[in-house]
Amino acid sequence: QEIKGFVKDKLRNCLTWVFIVLTVGTLRLVFHWWPHWMLYATHRPSSLDIAEKVLVIERYQQKHKCYHVKNVKLITSHSTRESIKEDEQNTWDQHLLMELEKLEKTKLSVHTSGGYFKGKIYTLFLEMDTVRLFKCKKMTYVWDPDESAFFKLRGLDLDISASALHLHKGLNVSEQFFRRAVYGANEIIVPMRSITALLFLEILNPFYIFQIFSFTLWMVDDYVYYALAILLMSCCSITVAVAQTRRNQINLSSRIHSRDVASIVRGNSGENEVIIIPTEQLVPGDVLVLPSHGCIMHCDAVLLTGNCIVNESMLTGESVPVTKTPMPNSANVLYNEKEHARHTLFCGTQVIQTRYYGNERVYAVVIRTSFSTAKGSLVRSILYPPPVDFKFEHDSYKFVQLLAVVQLGVLYTVVSKVLRGNNWSDITLEALDLITIVVPPALPAAMTVGRMYAQARLEKSNIFCISPRTINVSGSINCVCFDKTGTLTEDGLDMWGVVPVNNSKYQLPVRNIKDLPIDHLLKGMVTCHALTVIDGSLAGDPLDIKMFESTGWLLEEPEVSDAAKFDLISPTVVKPPSSDGRITEDPEEVSLEVGIIRQFPFSSSIQRMSVITRRLGARQFTLYCKGSPEMINSLCDPKTVPENFENELESYTREGYRVLGIAYKDLPAKLSYAKMQRLSREEAESSLTFLGLVIMENRLKPQTTGVIHMLRDANVRTIMVTGDNMLTALSVARDCGIVPPGQRVIMVQTSNDQSKKPNVYFTQSRGASSPDTAQMVNEISEMTEDGILSTDYCFALTGPTWTTLRTFYPDLVVKIATRGAIFSRMSPDHKQQLVQELQALEYFVAMVGDGANDCGALKAAHAGISLSEAESSVASPFTSKESNISCIVEVIREGRAALVTSFAIFKYMAAYSLMQFASVIILYSIDSNLTDIEYLYIDLFVITTFAFVLGRVEAFKGALYPKAPQSSLISLAPISSLLIQMVIAIGAQLISFYLVQTCSWYHETGNFTASDIPEGGYENYSVFTVSSLQYIILALVFSKGAPYRQSLFTSPGLMVATIIITLFTLYLVLYPSQWLIKTFELVLPPTMNFRLLLITFGIVNLVLAAICEYL
């Protein structure tokens, strides 16, 4: 991103407006299309410290440049104070006005780092407290005079220690008000343009400006009916476009916008008064009081006291309540969003419940508001997606420019008419007429027809599209990235069974958990979790819920209010059902209740969780630990772990099962309750006794394997991108066919040495056998030289490895992206980076996901398909009501059909405009032209009808063809096809034109009297007849069927239109009624033989056109 400063230049400004007036506003229209040109024209470059406007230049992948012209705004304390007096609508602020007026002059504040707010930012006006800022893409940039640069306005999330966050005790009225003057209202609002504004923006599109010019010209040239018909068609096209845009705006706004009230601590001279304010008034530094019954978060905040149970489905896509704990109060720990996500409440997430001792309040400090929040970032990615480079659209613009070259024919016409002595007004009108013929008036409407019908067909398959232009793009898809959980596999895990360990030896697997004896393994399964009861039902991690429910035990929380549950003196109790007839190891345990006294929460970095429990009536505490088998193994006494631990574990993980290890430890009998509460985690989780393995299975959805095979048969690359662990992902990939049988998988890993450049390791995995020894590759080039690339293989790696490779081995990233099939432990950012890397390799990428954690990738991909109707459906162009991946086949199939249709229609419209251009130039040579009704008949009755019915041909229903259709218009095949058809068509027109002049009856008046006969009447008839047949011929020749579309004969609309238009054209040119002759101003040849000869020309043209197009 580059920022350049500009100040207004009075001379440049005056000259520019003089030119705008002289060009009757045309120059201002050009500036509307390219706003940065107007900035260059009216302003001169300046240093940023005095800039009145800035030009922000964004670059995407070295391919695209985006320009944003923004005004630099100056905010002062005085202007801020005055603004509240002028705002009569804001009753909340009016209520505070009296308090504000009592206070002395307060300064504006901007956070820099460390939790300190700059209270006074000087510009040239030293006597005023001012802030210079501008806004771009919903983000605020503030001028820092110390650094002489604009920096992105940050909340309390940058270089701030945990202790600094804990120091916040609330803001007073003045601090909050003046901070909001800089940070803005805490709102996430989708810009809603009025219908009038949308209408004007659409009309100012270059194409419609050209249409207005054409309409004026045709009216002056007395083509009244034709001009009015084209005007009506353009109005319809504009109305549809505006309605679609407005619908999308309303849909997005209704999903995104929300408002509420919040309780905050008002920091007034030591009194911690709690007041209620609208959420729009929150600013970084406010201290929230979270209600015990929960709320929707409208900002990002760090939890200072108490616990919260939060539903983060907006962020993760999984509606699993997670427990948030307070941020540790440490001066040495800097806040980091990713590291401290467990202490952060994100905007848009739902706080289900808060817990703290007794009636103590649960506090959280606001760190980000508005578009800086997690939800705000998601909305910004939807509003401002990275530009998608799609060749067909770019080529279509180039093609129209190429057609402009044909306008050299205009020069020929002008010269020939001047030589014949025609007057200049007629020459000018006719030359301008020719220019308007080159760009067909129905082109924009015609280009949307194919995707409009494809969109309707997709809706019948329960696939909804909010971005119709993406339908064409999806026709070129040759790479699909799939999320795993909920996309390829079912949402939850199912219990498969357990493998107990007794005397350091694995026992036979137990599939029915209720058959387990009441021993330590069962107790570990029923106590080692973070489950809670909310509104009478279990809430927590689905894996924990499945494991607990499989035992049949009951979980009871103490009979106190939910708000008091945090108090661990009243523990959560688990017990078997009263009718449980299972054998117990201890006769004392007939009435068994186990209390969960203390919990060490699960952390992904240490891959485990633990609980300290005590059986009712027992004297000592017992610790149970659950986590990844490798981690549990490392914490256990080696004597208690079976010798074949690795082999047994691998036998399950390679089959795709999710495996957990469980261990326990009896704490010393003399350990008191108080000492147990102070026991460190490291001390507690040591010298454990290994109890066994818990096996969970994640089943594939029934449609998954068939769809993956269909895509592979069509040469569409398939990739799995998941947050799950590597072995499970690898197994699922093998089961569903992403990794086909016999293909080698090479695991890519990096060393964890942070002090130097990490080494890269490649571990080869062959089917179900154990992996080969890891070989270190010092030189990246060795990987391509040692023969690995010459065989059938794919790469598998994790998100952290991906980050390391991007940082230290960017060259290797290209090779990994080219042959990678499994990407595990991928964060939302990793997923988006992978999609963009694939796009840089010129893949057309589709992303299929079901959660908000896929939003970035769904938006970045050429075609994103959401299997959920949550936030991800707003980010992705496609949403499937059927939550399985069969939708991707339908999207590709319909996309291919729409792309082929768009190709056919574009070629047809280009051929039509060139043929009509040729017809008019031929007739201009004898100072004749097509009549108003002939133009109307060709353009509306023939061309527009075909343009609309060509799009009705349905997609091919068989297997996907192994090759995607062509997406480039500017290539040899389409251009040579068009040129050959033009040679044939223009040749036929010229032959008919000159042939009629050689006929013996040429000088006869035919059906006109000598005085009324139009100039060039027979030539007009000949050219009109042949060209009318040619428009029908090209519609049939360019509209191809298999392998991307159904046969033309299966499309009733196309067949009926072809038959009716052909019959009417034959009637019109062979034996028309007197009314038609008069209306069309036709001069019929006296002999029927010549009329039939022209029909024969048409048949010959059809045969030649078909041979050239299909051979």
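**Entry 1: strand S22 and its partners**

I began with strand S22 and found that S22 and strand S34 (residues 717–721) pair in the parallel sense, over 4 bridges. This is a predicted model, and I read the pairing with that in mind.

I then turned to strand S40 (residues 845–849), which runs parallel to S22 and is joined to it by 4 bridges. Here I noted Val845 in S40 as the bridge partner of Cys479.

Next I asked which way the side chains of S22 (residues 479–482) point. Cys479 and Cys481 point one way, whereas Val480 and Phe482 point the other way. I recorded Cys479, Val480, Cys481 and Phe482 as buried. As a general rule, side chains in a regular strand alternate between the two faces of the sheet.

**Entry 2: the sheet of S1 to S4**

I moved to the sheet that holds S1 and traced its strand order as S2-S1-S3-S4. The sheet is open, has 4 strands and is paired in the antiparallel sense. Strand S2 (43–46) and strand S4 (64–71) each have a single partner strand and stand at the edges, so one side of each lacks a neighbour in the sheet. I noted an average twist of 30° from one strand to the next.

Within this sheet I checked strand S1 (residues 2–8), which runs antiparallel to S2 and is joined to it by 4 bridges. I looked up Val7 and found its bridge partner in S2 to be Arg44.

**Entry 3: helices H1 and H3**

How do helix H1 and helix H3 pack? I found an angle of about 125° between H1 (residues 10–22) and H3 (residues 35–42), with their axes 7 Å apart. H1 and H3 are therefore oblique to each other.

I listed the residues that meet: Arg12, Asn13, Thr16 and Trp17 from H1, and Met38, Tyr40, Ala41 and Thr42 from H3.

**Entry 4: confidence**

Last, I looked up the pLDDT, which averages 81 for the chain, with 84% of the residues scoring at least 70. Over residues 119–128 the pLDDT is below 50, and this stretch has 17 contacts in the model beyond near neighbours in sequence. I also marked residues 560–569, where pLDDT stays under 50 and the model has 20 contacts beyond four places in sequence. Where pLDDT is low, the predicted coordinates should not be read in detail.

Notes: Residues numbered from 1 in each chain as written. Predicted model: local features only at pLDDT ≥ 70, side-chain atom pairs only at ≥ 80, totals over all residues. Heavy atoms only, no water. Pairing = 2+ DSSP bridges. Helix = DSSP H or I, 4+ residues; strand = E, 2+ residues; numbered from the N terminus. Axes fitted to C-alpha atoms, helices over the stretch in contact; angles between N-to-C directions. Parallel < 35°, antiparallel > 145°, perpendicular 65-115°, else oblique. Contact = heavy atoms within 4.5 Å. pLDDT = per-residue confidence, 0-100. Buried < 20%, exposed > 50% of the residue type's maximum accessible area, 1.4 Å probe, protein only.
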